[in-house]
Amino acid sequence: MEFEIGTTTVGAALCGRPFVAQRTGGHRGPPLQLLPRIVYVGDVPVEASYHGSALLHRLLSDYPSDKLTIIETATESQMQRRLLNVNYTSHPIANQRWLDTRFHPYVAAWFTRAAPRSAAKISQSLNGFEAEAVLTVAHGFGWLAAAEIANQQRVPLHLIIHDDWPRVADVAPQFRKTLDERFARVYRQAHSRFCVSPAMSRFYEERYGAPATVIYPSRAADCADFGEPPAHLTAHDKQFTIAFAGTINSRGYVQALTALQKALEPVGGRLLIFGPLTGDAAQQVGLSHRNTEIRGLLNSTELLMRLREEADALFAPMSFAASDRTNMEMAFPSKLADYTATGVPILIYGPSYCSAVEWARENEGVAEVVEAERDLTAAINRLATNPDHRLSLGKRALDAGRAYFSHEQAKQIFHQSLSV
């Protein structure tokens, strides 16, 4: 059974007293009037929710609304989560009923081949909007239509890659090579390419012969910047609590969370799981320990208030499954952008080759790192019994988060690439 638990985005009204970082003032990088009129075409909805959707929403949140239009080619975004004053259109490419069958790997291969033929109809839905560039995400089928639109209109294509789609897509094995060849053509066609980790950027340049710019997942524009971790991290008089807020999209993530439940037992700790996971669904996959609480899906402000107020550590798992290895090496957990904003210590649990562990090793002291299940109980004990350790990790996470995940930095890189 597979579940997705939505991680909400970070808001500004966090608990405690925020430290407001010094700003240089105004828009840095190219002037807004020089940015191109851009159309986004892709399967990933542009909304304030989680994963690629949050990445897009945050990158585009400062874009001039009169220079942007959005065409979603799969799941339609929710109205209340959309960018303000931006034109949204829904133009699904695939038939979801066909994809939701046991023939999915073959149906997905068919839609991959057919997707470019949707370009003409999608272009008609622009309703006079004269795009000077096309933006897309390499996920699903919309990116293929976007590339064809850019070709037909002779405008630059800008490509965002947040997972290794040629290898994670659920297509029949005999079509995998064809998918990779199509991706290679679109990747090389792109005027700019954005990857979410250095490992992904290196891999694609070696494989496809063209460089890519790294843009780590960023915080929201209105995210508060706290000067210190929450005071309760130094306390000894309450039940040790670790929280998880994220998506579960493979059996490997379920195994990580059940391992955490077991590791918490010796210290009498509890686990909080935030997201749309129901109690019944949690029980089906073994996440129903007596000290595990299913907290539901909260809005962004409330989620971060709860994490900062209630959690003594935040859990960032990555899959150990061999089938997930390639994606674990290259994809980067977007939750680290938001986790580091809280000042609560982070526990990264994943194999030595995954991007999160690599990031933590490059930034010593930023997180408690566990690379094998046998070491998880000892790590939990260190966090539960050593307040000074928790405080040190929280402070280091705040500093690293500012350096890697600031909204302003991601915006500058993005705008500069679009305007070249």
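## Reading cysteines and a sheet

User: How many disulfides does the structure hold?

Analyst: In general, a disulfide is a covalent bond between the sulfur atoms of two cysteines. This model, which is a predicted one, holds 0 disulfides. Take C195: the nearest cysteine sulfur belongs to C354 and lies 17 Å away, and C195 is in no disulfide.

User: Is C195 buried or exposed? And what about C223, buried or exposed?

Analyst: The cut-off for buried is under 20% relative accessible area. C195 counts as buried because its relative accessibility is 1%. C223 comes out at 14%, so C223 counts as buried too.

User: On to the sheet. What is the order of its strands?

Analyst: The general idea is that strands of a sheet pair through backbone hydrogen bonds, either parallel or antiparallel. Here you have an open sheet of 6 strands with parallel pairing, and the order reads β10-β9-β8-β11-β12-β13.

User: Which strands stand at the edges?

Analyst: Those are β10 (292-296) and β13 (368-370). Each has a single partner strand, so one side of each is left without a neighbour in the sheet. Going from one strand to the next, the twist averages 25°.

User: How many bridges join β11 to β12?

Analyst: There are 4, linking β11 (residues 313-317) with β12 (residues 346-349), and the two strands run parallel.

User: Which strands does helix α14 touch?

Analyst: Helix α14 (residues 355-362) packs on the sheet and touches β12 and β13. The direction of α14 makes about 130° with that of β12.

Technical notes: Residues are numbered from 1 along each chain as its sequence is written. This is a predicted model: local features need pLDDT of at least 70, side-chain atom pairs count only at pLDDT 80 or more; totals for chains, interfaces and linings use all residues. Side-chain values use heavy atoms; hydrogens and water are left out. A disulfide is a pair of cysteine sulfur atoms within 2.5 Å. Buried means under 20% relative accessible area, exposed over 50%, partly exposed in between (1.4 Å probe, protein chains only). Two strands pair if DSSP finds at least two bridges between them. Axes are lines fitted to C-alpha atoms, for helices over the stretch in contact, and angles run from 0 to 180 degrees between N-to-C directions. Contact means heavy atoms within 4.5 Å.
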